[in-house]
Amino acid sequence: MSPTPSSAIHRERLQQLALFLRESEQILTAFDAWREEHSDLDGWPLNDAEHSRRAVRRDADTWRSFNHVRPFAKDLLATAEVQVQQLDPAHSQSRWPWQLSVLDHALTQLDALEQEWVEARDALPPSAGPGSFAYDDTLAERNEEAWTYLEDWSSHGQALLEVQAAIQQAPPRSPSLTTALTDMVPAAPATAPSSSVARR
């Protein structure tokens with residue numbers, strides 16, 4: 001098990017998560033606005049090629065934003081799991097454990113997709129560098145497969161900030177753990193807006 005992050009480090013990580021939540025919302029909103037303007041009455045895109053190009057960019061931009069969170073996402077989840085266990089039920093939301101499990105599963109899948117991408121990239125011929133069709137197509141495929149799991153983090157990542165806020169506003173179940181938890185979890189950063197449900 002990795003050591004508990006310091007208060008300052010944990011605060012910085014939560015702020016980075018909040019930034020991802022804002023960015024992912026903006027990315028999705030921009031994509032949805034464009035699609036609504038460029039679709040027929042039945043919701044089908046008027047230009048399939050442009051729609052695909054913009055979806056590829058949406059996926060890539062969302063991956064790039066989450067990549068600032070992914071290295072320490074497991075630590076954020078581990079800390080939140082401890083916090084939820086220590087909170088009195090009166091100060092806890094019943095959905096939090098489920099949301100944490102969704103985030104954990106999504107992170108596992110994202111890590112697996114990253115490993116598959118590294119292996120696929122290393123298997124490409126030397127001539128297939130960034131900008132080549134083989135490289136870019138393989139990268140776009142990873143991002144497309146990752147989209148569902150990135151959207152899980154965009155939709156449910158807010159729970160980590162909510163748990164953080166709750167632990168600051170209410171004492172844990174065991175009074176003897178109050179000092180330890182206070183040291184472990186700093187004040188929550190400003191919360192980010194919740195993400196809308198993604199649609200392809």
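A cavity is a set of grid points where a 1.4 Å probe fits but cannot get out, and its lining residues are those with an atom within 4 Å of such a point. In this predicted model, the residues that line the largest cavity are H10, L14, L76, A80, Q83, L160 and Q164. The elements that contribute two or more residues to this lining are α1 (7-37), α3 (73-86) and α6 (158-169). Helix α3 gives the most, with three residues. Sorted by class, the lining comprises four nonpolar and three polar residues, and no charged residue is found in it. The volume of the largest cavity is about 30 Å³, and the structure holds one cavity of 30 Å³ or more.

The protein contains seven helices and zero strands, so that, read from the N terminus on, the order of its elements is α-α-α-α-α-α-α. Of its 200 residues, 42% count as buried. Among contacts with a separation of 6 or more, 79% are accounted for by residues 24 or more positions apart. The protein exposes about 10,900 Å², and 53% of that area is supplied by carbon and sulfur atoms.

A80 is located in helix α3. Because its relative accessible area is 2%, under the 20% limit, A80 is classed as buried. Which residues does A80 contact, once its neighbours within four places in sequence are left aside? They are L100, L160 and V163.

R58 lies in helix α2, which spans residues 48-66. Is R58 buried or exposed? R58 counts as buried, because its relative accessibility is 3% and the limit for a buried residue is 20%. The side chain of R58 is joined to the side chain of D59 by a polar contact of 2.9 Å.

Taken together, A80 in helix α3 and R58 in helix α2 are two buried residues, at 2% and 3% respectively.

Terms used
Residues numbered from 1 in each chain as written. Predicted model: local features only at pLDDT ≥ 70, side-chain atom pairs only at ≥ 80, totals over all residues. Heavy atoms only, no water. 1 Å grid on protein atoms, 1.4 Å probe; cavity = no way out; pocket = protein on both sides within 12 Å on 5 of 7 lines; lining within 4 Å. Points joined across faces, edges and corners; volume = space filled by probe spheres on them. Helix = DSSP H or I, 4+ residues; strand = E, 2+ residues; numbered from the N terminus. Nonpolar A, V, L, I, M, F, W, Y, C, P; charged D, E, K, R; others polar. Buried < 20%, exposed > 50% of the residue type's maximum accessible area, 1.4 Å probe, protein only. Contact = heavy atoms within 4.5 Å. Areas by Shrake-Rupley, 256 points an atom, 1.4 Å probe, with all protein chains shown as cover. Polar contact = N/O pair within 3.5 Å; in protein donor to acceptor, adjacent residues only side chain to side chain.
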